[in-house]
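Visitor: I've got a model open and I'd like to learn how to read it. Could you walk me through a few features?

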Amino acid sequence: MTTTRRPRLNIGAVRSSFAPWADPTLQPLVRFDGVSKRFGAETAVNNVSLSIYESEFFALLGPSGCGKTTLMRLLAGFETPDAGRITLAGQDLAGMPPHRRPVNMMFQSYALFPHLSVEQNIGFGLKQQGMPKGQIADRVVEMLALVRLQGLARRKPHQLSGGQRQRVALARAIAPNPKMLLLDEPLAALDKKLREETQFELIALQQRLGMTFLIVTHDQEEAMVTADRIAVMREGQIVQIGRPAEVYETPNSRYVADFIGDVNLFEGAVTAADGKVVKMATADCPAGFEALEDDAVSVGSTAWLGVRPEKIELHLDPPKDGPNRLAGKVADYGYLGDWTTYVVELESGRTVRAARANASRLVARPIACDDAVWLTFAPDAAVVLTR
Amino acid sequence: MSAKPRGGLAALAPFLWLGVFFLFPFFLVAKLSLSDTALAMPPYAPRVDWSAGSEGVRAFFAALDFETYARLTSDSLYIASYLSSLRFAAVATGMLLIIGYPIAYGMSRFPPAQRQALLMAVILPFWTSFLIRVYAWIAVLKPQGLLNAALAQIGLGPLNLLNTDTAVYIGLVYAYLPFMVLPLYAVLEKQDQSQLEAAADLGCTPSQAFWRVTFPLSLPGVAAGALLCFIPMVGEFVIPDLLGGSGTLMLGKTIWAEFFANRDWPAASAVAIVLLATLVIPILLYQRQQQKMIEAAQ
Amino acid sequence: MKAPSAFNRVSVAAGLAFLYLPIILLVIYSFNASRLVTVWGGFSTKWYGALLQDDQLLDAIGVTLRVGLISATLATVLGVLAAVALVRSGRFKGRLLFSGMVFAPLVMPEVVLGLSLLLLFVAVGLPRGFWTVTVSHATVTLCYATVVIQARLVSFDKALEEAARDLGCTPVQAFFAVTLPNIAPAVAAAWMLAFTLSLDDLVIASFTSGPGATTLPMRIYSQVRLGVSPEINAVSTLLIGLVATGVIGVYLVQQRRARVADLGAG
């Protein structure tokens with residue numbers, strides 16, 4: 001690899017200085033322009049426009065059937081768009097068959113060739129490129145070292161563990177040095193512990209290579225941990241694109257707020273909005289809701305207040321009256337080890353979820369079902385959603 | 001799926017092959033069945049006179065008639081052989097189900113490693129010559145054969161089985177048993193053991209669990225096995241010819257006799273067309289069944 | 001999993017006995033010194049010796065083997081193409097007709113197939129003989145070959161082909177580099193099935209063969225009509241032995257391969 005690579009301070013953290021999408025002078029590496037794809041009556045991808053930049057780790061996130069895999073397969077060349085244009089490094093990909101596209105894919109099933117050994121699998125694409133034998137061998141050794149599989153070169157895929165297969169698939173896709181690596185649910189087949197480890201390995205690998213990664217996943221945690229930017233998809237369309245923290249903290253719709261993480265949504269009428277603070281009337285709190293929101297919201301319209309459970313404070317003694325104050329009783333709770341989630345039933349009958357970190361092993365005043373509790377949250381903890 | 005239907009391209013060769021050697025010949029059979037019996041050897045009247053253009057084609061069609069079919073329906077021998085073919089096939093299919101089901105079911109209860117060996121044991125006779133397997137029964141069934149020798153040992157017999165309908169049934173059941181057992185086994189083997197445990201848990205005795213869970217689930221296999229046996233049995237030739245008597249009437253034998261003995265090709269063709277017309281619905285059913293199973297696998 | 005019950009065991013044992021007893025008796029009596037079926041005249045291999053003197057029979061064996069080799073190879077090549085078309089191409093024009101043509105000969109009565117092929121050869125004025133039998137067998141066994149290969153292709157992970165395409169293969173290259181090596185056992189099985197079916201066939205060969213191209217089953221049939229004879233027992237035993245050895249051999253190799261795969265995975 002001769003590409004210059006950008007140093008990163010710590011793995012898994014947001015690369016706050018890395019934001020090529022914010023630079024209008026940069027050309028994106030990949031560009032989807034109004035791309036649509038139908039299968040029969042079903043529209044899998046509906047008028048999607050999207051730009052992905054060099055060296056970016058980009059995630060397509062959504063529930064199964066939202067079109068994210070189709071979008072990736074359109075880029076790999078396994079599907080042909082019904083409308084729109086896809087360009088890679090300025091070149092229109094229309095009509096270019098998969099074997100001529102300078103992108104490689106890591107398949108969800110890994111798709112390792114069962115009749116070939118690990119080294120033959122990794123060397124497959126290189127041989128196809130017409131690389132001389134000696135160079136292939138060198139490159140395969142390099143790849144084996146990269147994914148830490150030295151010594152397994154002669155094994156057949158069925159002699160490997162799930163995690164090892166995953167790494168062979170990765171090495172095979174990286175070996176031809178594609179302009180972009182496509183990863184289709186790369187970690188879905190691994191168990192939870194291995195999946196978490198591998199997430200960080202993927203990030204480290206992507207940084208070392210400086211390669212552009214596009215990952216398709218239905219696992220929000222996977223997308224949040226690995227990606228520079230996430231595109232949340234729904235029914236063939238992209239509903240929001242942003243850094244993981246942006247998508248989580250400032251979702252642009254109830255769908256995104258609900259899909260990524262847990263959220264309590266309160267419906268109410270907007271009573272005041274000055275460009276900084278939005279006030280809403282609600283039956284659950286006499287003093288109403290207040291939230292920091294600089295987007296324009298029209299007074300009198302219906303809006304939803306989204307509050308994440310971990311941003312709600314739980315009180316056993318009544319706090320002083322004011323906005324963002326709810327009273328109820330504990331209907332249920334779940335102990336998760338690191339957190340405890342409480343389901344609080346308000347007087348109106350609706351339930352609210354609040355989470356508390358279990359900061360110490362012993363709790364001075366344990367909370368039980370039917371205990372009267374009060375919930376409060378700060379104006380900057382809530383987000384106003386208009387759709 | 002790639003953009004171009006490249007599979008269609010690959011299909012071209014076998015498609016052409018089957019078109020020429022399978023589909024087209026049926027039109028010839030149909031045509032011949034409508035031709036005149038008078039000319040028993042080729043060329044048959046009528047032939048298309050291509051030089052006369054559309055006139056020739058019209059003349060060709062005008063000369064075709066149902067004379068041969070009229071002859072078939074007026075001859076009680078043909079009707080008897082038609083009905084007797086259906087009876088043989090239907091009764092033998094029933095017998096095969098009764099005999100084959102316990103075998104397939106029994107096989108599916110063995111541990112997987114032994115199951116593989118049993119499956120092999122059932123398939124092996126299918127690989128050995130059909131003719132030889134039918135022939136083997138002659139030595140067993142003939143009047144001074146092995147069966148009567150064995151019966152004589154215990155003071156029974158002798159039974160005159162060879163050249164009777166009973167021998168034909170034995171032959172049909174014997175030869176088609178693997179075709180019945182395999183589809184049944186395929187569905188029975190796939191059954192999830194926990195379904196039976198669930199049935200037991202919900203209060204079924206083992207036999208109730210069988211009739212309420214296992215058997216309904218195995219119906220696709222029953223259908224596949226029954227069709228797979230019934231269809232070719234209707235047209236069977238070797239078994240009635242070698243094991244049956246002169247009074248054993250089956251369409252396969254009739255076609256063979258019309259063709260080889262009587263040299264009446266139009267009659268043989270007409271019987272073949274009648275046979276096909278009879279089997280077309282079972283064949284379509286069988287195809288749909290296969291298609292469904294393939295789609296389920298996909 | 002519970003052990004099979006006594007009923008299960010008896011059903012299976014009785015079924016297998018029914019399937020094998022006549023064949024075993026035939027094999028035993030091929031070594032009978034006496035010409036009479038029911039009289040055991042001591043062990044002898046004289047009927048096998050007699051086979052070697054029978055030029056007509058040896059001729060028929062030669063014809064049968066050549067027909068089998070050529071027709072099975074033709075059928076397998078066409079069967080691979082047909083199976084790929086059926087499994088991989090989704091919907092194409094005439095698909096229903098095509099799959100119909102592939103499945104129908106499996107259940108079509110042989111007399112009808114034989115008659116229709118004969119009429120074709122007569123219509124185009126092709127003299128009947130070696131090649132007409134070979135083509136006829138290829139046509140019928142092609143369908144069996146297709147079904148066997150199709151069954152394997154259906155369970156073949158399509159992502160493997162896509163991966164090959166992604167790594168720079170054209171569709172044809174992907175087929176030869178990845179698909180074919182992986183379906184090879186099914187292709188071999190299809191060939192064997194086609195070969196044995198050709199070896200076995202009496203009815204279609206009787207219709208489509210001509211002078212000088214008498215196959216072994218035709219020869220056996222003409223003898224069998226005259227009654228049970230020890231020579232036929234002997235040639236049948238040889239045929240059964242040949243096929244059984246081949247089939248069991250393939251089965252054992254596959255079993256071993258499966259065990260090795262299990263060990264490797266475990």
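Visitor: Let's start with strand S9 of chain A: how many of its six residues are buried?

Guide: Five of the six, so to speak, are under cover: S9 (residues 229–234) of chain A is mostly covered. "Buried" means under 20% relative accessible area, "exposed" over 50%, and "partly exposed" in between, with a 1.4 Å probe and protein chains only. Helices (H or I, at least four residues) and strands (E, at least two) are DSSP runs, numbered from the N terminus. Before we go on: this is a predicted model, where local features need pLDDT of at least 70 and side-chain atom pairs count only at pLDDT 80 or more, while totals for chains, interfaces and linings use all residues. Residues are numbered from 1 along each chain as its sequence is written, chains are lettered from A and ligands numbered from 1 in the order in which they are written, and side-chain values use heavy atoms, with hydrogens and water left out.

Visitor: Which strands pair with S9(A), and in what sense?

Guide: Two strands count as paired if DSSP finds at least two bridges between them. Strand S3 (residues 57–61) of chain A pairs with S9(A) in the parallel sense over four bridges, and A:Leu61 stands opposite A:Val232 there. Strand S10 (residues 237–242) of chain A runs antiparallel to S9(A), joined by five bridges; in that pairing A:Ala231 stands opposite A:Ile241.

Visitor: What sits between S9(A) and S10(A)?

Guide: Two residues, which makes the pair a hairpin. Check A:Glu235 in the turn: its phi is positive, about 45°.

Visitor: How do I read the order of strands in an open sheet, say the one with S13 in chain A?

Guide: Five strands of chain A go S13-S12-S11-S14-S20, with antiparallel pairing. Strand S13 (285–292) and strand S20 (382–385) of chain A are at the edges with a single partner strand each, so one side of each has no neighbour in the sheet. On average, neighbouring strands here are turned by 45° against each other, direction ignored; the axes are lines fitted to C-alpha atoms, for helices over the stretch in contact, and angles run from 0 to 180 degrees between N-to-C directions. Inside the sheet, S11(A) and strand S14 (residues 302–307) of chain A run antiparallel and are joined by six bridges. One pair to click on is A:Asn264 with its bridge partner A:Val307 in S14(A).

Visitor: Now salt bridges. How many does the structure hold?

Guide: The count over all chains is 18. The test is a side-chain nitrogen of Lys or Arg within 4 Å of a carboxyl oxygen of Asp or Glu. Take A:Glu185 and A:Lys68, whose closest N and O atoms are 3.9 Å apart. A:Glu185 is in the loop between strand S7 (180–184) and helix H5 (192–209) of chain A, and A:Lys68 is in helix H1 (residues 68–76) of chain A, 117 residues away. Both A:Glu185 and A:Lys68 are buried.

Visitor: What about A:Asp262 and A:Arg353?

Guide: Their side chains meet in a salt bridge at 3.5 Å, N to O. A:Asp262 lies in the loop between helix H8 (254–259) and strand S11 (264–273) of chain A and A:Arg353 in strand S18 (residues 351–357) of chain A, so the bridge ties together parts 91 residues apart in sequence. A:Asp262 is partly exposed at 39% relative accessible area, and A:Arg353 is partly exposed at 36%.

Visitor: Which residues are linked in a salt-bridge network with C:Lys158?

Guide: A:Arg73, A:Glu79 and C:Glu162 are in that network with C:Lys158.

Visitor: How do I find the sides of a helix, such as H2(C)?

Guide: An α-helix has 3.6 residues a turn, so residues three or four places apart point the same way. In H2(C), C:Trp47, C:Tyr48 and C:Leu51 are buried. They span an arc of only 105° around the axis, which puts them on the same side of H2(C); the arc is that of the directions from the helix axis to the C-beta atoms. The face turned away from that buried side carries the exposed C:Leu52 and C:Gln53.

Visitor: And how many helices and strands does chain B have?

Guide: Chain B has 13 helices and zero strands. Of its 298 residues, 52% are buried.
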